Amino acid sequence: MEAGFNRQTRDNSVSDLAIVEATPRAPDVDRGKVLGRMALFDFFFHNLTRAAAILVLLILGGVILSLVYGSLPAIEAFGLGFLMTESWNPVTEKFGAVAPIYGTLVTSAIAMIVAVPLGLGIAIFLTELCPHALRRPIGVAIELLAGIPSIIYGIWGLFVLAPFLQQYVQPALISLTGDIPVLSSLFAGPPYGIGVLTAGFILAIMVLPFITSISRDVFETVPPVLKEAASGVGCTTWEVMRYVVIPYTRVGVIGGVMLGLGRALGETMAVTFVIGNAHRVSSSLLAPGTTISATIANEFTEAVGDLYTSALIELGLILFVITFFVLAAARFMLMRIEQKSGA
Amino acid sequence: MSLYSSRRRTNVIATTLCWTGTIFGLSWLVLILGALIYEGARGLSLAVFTEMTPPPGSTGGLLNAIAGSLVMTVIGVLLGTPLGMLAGTYMAEYGRYSKLTMIVRFINDILLSAPSIVVGLFVYTVVVARVGHFSGIAGALALAVLVVPVVVRTTEDMLLLVPSPLREAAAALGLPRSHMLMRVAYRAAKSGIVTGVLLAIARVSGETAPLLFTSLNNQFWSTDLNAPVSSLPVVIFQFALSPYKDWQQLAWTGALLVTVAVLLLSITARALSSQGKYK
């Protein structure tokens, strides 16, 4: 009986003959048994898949609960002060999260300032300007950039980008902005090479492919009729993008940008290599700093004492909460553009 | 007429900026791969694949790190793939319109881009802190947690692409849903699901952050998964930040190996998925 079913589905052309052939061979008693077994298996499989789906939910729940549980000692010891203290002293066991949170936000902001215009530009290029033959290769190349593991960006940033910035870019920035009031404090101090600016730059390169590929995908949801109509009344390519495509896809683009932001906030290895790991808030972008993830990566295995470990886990919890909301907002927006293109 | 020429000018400026932006963006890929090949290939020799990671100042290879990475990745994928496939199956088939599916899809998308270091902390508190020591098992578990969302996503997407008439035809033959899935839907979606698994492998094989405090590192050859296990990314991290020249060289070589593996995987995945959109 089993064999009969096997044959029928394997053959793409199920002829009536095959069914007629198969049926008489199976006595009615067997049929009931086999059907019962199938129903049982179906019931089992249905519940197995549902259990797997629920397990995925439980994993997220587990992540949150375990982080909360792990950070309880630190929460009890420091309370809300954890979020307002800058000092990070493992010896006296005084921990505050201001410096890592500040570093995380600033590096991500730099990354966004660089990567958003660039990513949108590349996406516009890919959907509107690029010769058809090049479209696929360039798209693939950008996506390969997304596939490179973050540790590779880290080692490259440390040995190639940081020395380059230190030698050429940072001295130029310092001397260029020397007389301008606000900018000079942003670019003050010696050019270390590694620091907040370098980390932000590496992050920008890392999130660029995400922003590009999502923007390209949402740009492609614009109905061609809209673009053709705009071109028909005499709009230039840029005006079509600026006044038709971008307004139409605004929600999706913002969603893509937030997705990139979520990546930048949580990125660990690339930043750990080039940020310099200094627990202080400095007004200069050239100074070394730290981010939440870099602090955890650098110090976790060396942390002695429950309170130190717990403080690091609480940092992880803060990071998770921040990225959770950013990613949730991003998904929500992308869902809206999907509905729009589906309707 | 002057309005027209200023519009033309804006257009030229904007399109030129898009061109330069693309060249700028692509040049990073060239620069990074160039540096990797230049620095990494210098240290490439047979010893890299046959000798253990050395103490500073002596020569050696990356054998234990490569083996550790392979073993943990394989276990992680073996654990994560079935779970991801089952969950994806539920979302695309049994519970396509249920509330649970909506929630799981949302949560899964968040897990998909959640910071991997957080996953490391999760496994640390659940496994490492309980057991009391770092272990290869914990590392593999952390990788499995990273594999799951990728596989869930692609399985669901690929099953949704399977045309309904195929399902209906199977149902008309009297096949229960589970049999239809096994014999029709999975086969139709096979290359897509394989693509997802390959992408998941590509993703975890470069992961460092979750391994730092789960599998830690091991200077020596070890087949004991209950003890710390060395892995390529963690060795790269440790060696690159060290002051020793020969360690840094090994880090570059390791980085080249990881990148080549990851790029090969993602190119294969891409070739597979473009070969048969559904089939």
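Predicted model: local features only at pLDDT ≥ 70, side-chain atom pairs only at ≥ 80, totals over all residues.
**Stop 1: the interface**

Colour chain A and chain B separately and look at where they touch. The contact draws on 88 residues of chain A and 85 residues of chain B. Now select B:Trp28, B:Ile32 and B:Arg270. These residues supply 8% of the area that chain B buries against chain A, more than any other three residues.

Polar groups also meet here. Six residue pairs are in polar contact across the interface of chain B and chain A, both residues of each pair being at pLDDT 80 or more. Next select helix α1 of chain B, residues 2-42. This helix gives 19 residues to the side of chain B that touches chain A, the largest share.

**Stop 2: a salt bridge between the chains**

How many salt bridges cross the interface of chain B and chain A? There are three. To see one of them, select A:Arg331 and B:Asp109, whose closest N and O atoms are 4.0 Å apart. A:Arg331 sits in helix α14 of chain A (residues 306-342) and B:Asp109 in helix α4 of chain B (residues 99-113), so this pair joins two chains. Are the two residues buried or exposed? Both A:Arg331 and B:Asp109 are buried.

**Stop 3: a salt bridge within chain B**

Select B:Arg167 and B:Glu93. Their side chains form a salt bridge with an N to O distance of 2.7 Å. B:Arg167 belongs to helix α7 (residues 164-172) of chain B and B:Glu93 to helix α3 (residues 63-94) of chain B, so the bridge ties together parts that lie 74 residues apart in sequence. B:Arg167 has a relative accessible area of 11% and is buried. B:Glu93 is buried too, with a relative accessible area of 2%.

**Stop 4: a salt-bridge network**

Over all chains, the structure holds eleven salt bridges. Another one to select is the pair A:Glu143 and A:Arg216, at 2.8 Å from N to O. A:Glu143 is in helix α5 of chain A (residues 132-147) and A:Arg216 in helix α8 of chain A (residues 196-219), so the pair links parts that are 73 residues apart in sequence. The cover on the two partners can be compared with the cut-off for buried, which is under 20% relative accessible area. A:Arg216, at 16%, counts as buried, while A:Glu143, at 23%, is partly exposed.

Salt bridges with shared partners join A:Glu143, A:Arg216, A:Asp217 and B:Arg270 into one network. B:Arg270 was also one of the residues picked at the interface in the opening stop.

**Stop 5: a covered helix**

Go to helix α13 of chain A, residues 292-299. How many of its eight residues are buried? Eight are, and the helix is mostly covered. Among these buried residues are A:Ile292, A:Thr295, A:Asn298 and A:Glu299.

**Stop 6: a nonpolar patch on the surface**

Finish on the outside of the model. Select A:Ile64, A:Val68, A:Tyr69, A:Leu72 and A:Ile75, which make a nonpolar surface patch of about 400 Å². A:Tyr69 counts as exposed because its relative accessibility is 54%.

Conventions: Residues numbered from 1 in each chain as written. Chains lettered and ligands numbered in written order. Heavy atoms only, no water. Patch = residues over 30% accessible without salt bridge, like charges linked within 9 Å, V, L, I, M, F, W, Y side chains within 5 Å. Areas by Shrake-Rupley, 256 points an atom, 1.4 Å probe, with all protein chains shown as cover. Buried < 20%, exposed > 50% of the residue type's maximum accessible area, 1.4 Å probe, protein only. Contact = heavy atoms within 4.5 Å. Buried area = accessible area lost by both parts, 1.4 Å probe. Polar contact = N/O pair within 3.5 Å; in protein donor to acceptor, adjacent residues only side chain to side chain. Helix = DSSP H or I, 4+ residues; strand = E, 2+ residues; numbered from the N terminus.
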